[in-house]
Every structure is written in C-alpha cells, then in structure tokens.
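Open the model in your viewer and keep the selection tool at hand. This tour tells you what to select next and what is there.

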Amino acid sequence: MAFKKYFTLSYDDGVHADKRFLEIINAYGLKCTFNLNSGLMPEEDVSTWYVCRNHIKELYAGHEIATHGHTHPWYNKLSRKEIELDIKTDIDELSRLAGYPVLGHAYPYGAWSDDTLEVFGENGIRYARTVKSTHSFDLPTKQLLLDPTCHHSDPKVFSLLDEFINAEPAESDMLFYLWGHSYEFNKGEEMNSWEHIEKICKMISGKNDIVYCTNMEFFDRNK
C-alpha cells in the first residue's frame, strides 16, 4: 500500500476577504474548508464584514463549508443545552444553504469543553479543529480535537512546508493542515499579508505527490 501526502486549508468566519483568498487558492489548485457562522451572516449583501448567506453556495463552490458556531460562541462557557441549540442550528442552516450535509467544525476561539465533545459527537460532527499547532504531519488521533500543523503566520511555516514537500511517507499518510482568517492578510504585515499567503500557495502547489483536499475530503480519503 502506497501512503500519500495531503494538504488542506481551514479558514474561519466567512468574511469578504474570502473572495480575494478564493481567487488565489483557486488559481493554485488548492482546496479549503471555510468555517462559517450562520447567525452572523446577513440575508442580503449589506454587511461590510460578513458574506451574504444566500451567496455562500456559489462563492465557496469546489470547497467545503463547515460550522463555526451559529453565533461564534465560547463553547466552554455554555451549558450543554446551549451548546446543542447553537450547533444544531448552525448545522441545519448551513446544510440548507450549502446543499449538502455540513458536518465539519472549527472551534470559535479554539474553546471547547467535555460537554462540547459529547454534544458534537451526538449530532454527527465528523471533525472539529482547534488552534493548537502541532508543527508535525502526523495523522489526527482525535477527530473532535483536530490540532492543525500551524497558522499561516507561524514563523516556522516555510521550513515546515519545505520539510513536507521533501518528505516521503513510508509508514502512514501525512497531513499538512494550515489555518487562519483571510481578513488577517489585510494587515499588511510580513506574515499577515496577501503576498505572504500567495508565497505559501505557490510553494506548496503543483506537486504530483501531494493530494490537495478539503478537510472532509481528507477524512473521506479511504472511502
């Protein structure tokens, strides 16, 4: 059995900067999971920050829509009943808007609790991303506590990319999981700029031995 290398992106909040980000990743043939808050997006295109609910199916076509909490809550501060109401609402509304079952997640603020894990499991969430960098390419052992490789502004991002590109998976599949927020590129800082993310995309793209996938496509890889 030949093992493979997988590269995926995970970006949060569903903001207008996603449009420019999508142009970049689409040009480089990359795949991303976009984690949205159904309760914060307007029905019509009137917000200067969030994308319109009715446009997300078209906007994120070819990528994955995942939950990020109906109202972007601190799940570790909610009761079990409040957690269930929030995540069920987000799943239902995003699934209706996307046109397919939305069962991935990224924790707002990286916050969770034992109740969160139980409620998510009971409601069919397949995976849930934290904000804790592993700086490794090991496969996740706990899908509801999915630690990413790193944030795009991590000082080690380019050395990690170089290591991943040159690695040869001998004992298992490998995963490079990059996350962030597209609005961070508007800061114009060295590690939070549009030039920076395009440099990352250019470096990782076009490799015959890397599978470019959404988060859910990675977890469905053996189906």
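**Before you start**

This is a predicted model, where local features need pLDDT of at least 70, side-chain atom pairs count only at pLDDT 80 or more, and totals for chains, interfaces and linings use all residues. Residues are numbered from 1 along each chain as its sequence is written, and side-chain values use heavy atoms, with hydrogens and water left out. Helices (H or I, at least four residues) and strands (E, at least two) are DSSP runs, numbered from the N terminus.

**Stop 1**

Two packed helices are described by the angle between their axes and the distance between the axes. Axes here are lines fitted to C-alpha atoms, for helices over the stretch in contact, and angles run from 0 to 180 degrees between N-to-C directions.

Select residues 17-27, helix α1, and residues 194-204, helix α6. Their axes are 10 Å apart, at an angle of about 30°. The two helices are therefore roughly parallel. (Under 35 degrees counts as roughly parallel, over 145 as roughly antiparallel, 65 to 115 as roughly perpendicular, and the rest as oblique.)

Now show the side chains in contact (heavy atoms within 4.5 Å). On α1, pick A17, R20, F21, I24 and I25; on α6, pick W194, I197, E198 and C201. This contact has 7 nonpolar, no polar and 2 charged residues. (Ala, Val, Leu, Ile, Met, Phe, Trp, Tyr, Cys and Pro count as nonpolar; Asp, Glu, Lys and Arg as charged; the others, Gly among them, as polar.)

**Stop 2: α5 and α6**

The axes of α5 and α6 come within 10 Å and cross at roughly 10°. That makes α5 roughly parallel to α6. From α5, V157, F158, L161, D162, F164 and I165 meet H196, K199, I200, M203 and I204 of α6. By class, that is 8 nonpolar, 1 polar and 2 charged residues.

**Stop 3: the largest core**

Which residues have the most contacts inside the largest nonpolar core? Select F7, F21, L178 and I197. This core has 42 residues. (A nonpolar core is a set of buried Ala, Val, Leu, Ile, Met, Phe, Trp, Tyr and Cys residues joined through side-chain atoms within 4.5 Å; buried means under 20% relative accessible area, exposed over 50%, partly exposed in between, with a 1.4 Å probe and protein chains only.) A second, separate core has 11 residues, including Y127, W179, F218 and F219.

Zoom in on F21. Beyond its neighbours within four places in sequence, F21 touches L9, Y11, C32, F34, S182, F185, W194 and I197.

Next, L178, in strand β7. L178 is buried, with a relative accessible area of 1%. Leaving aside neighbours within four places in sequence, its contacts include F7, V157, I197 and I200.

**Stop 4: α3 and α4**

R80, I83, E84 and I87 in α3 meet D115, T116, E118, V119, F120 and E122 in α4. Here the count is 4 nonpolar, 1 polar and 5 charged.

**Stop 5: T67**

Finish in strand β3, residues 64-67, where T67 lies. Is T67 buried or exposed? T67 counts as buried, at 0% relative accessibility. Setting aside neighbours within four places in sequence, T67 contacts residues including N35, I87, H105 and I125.
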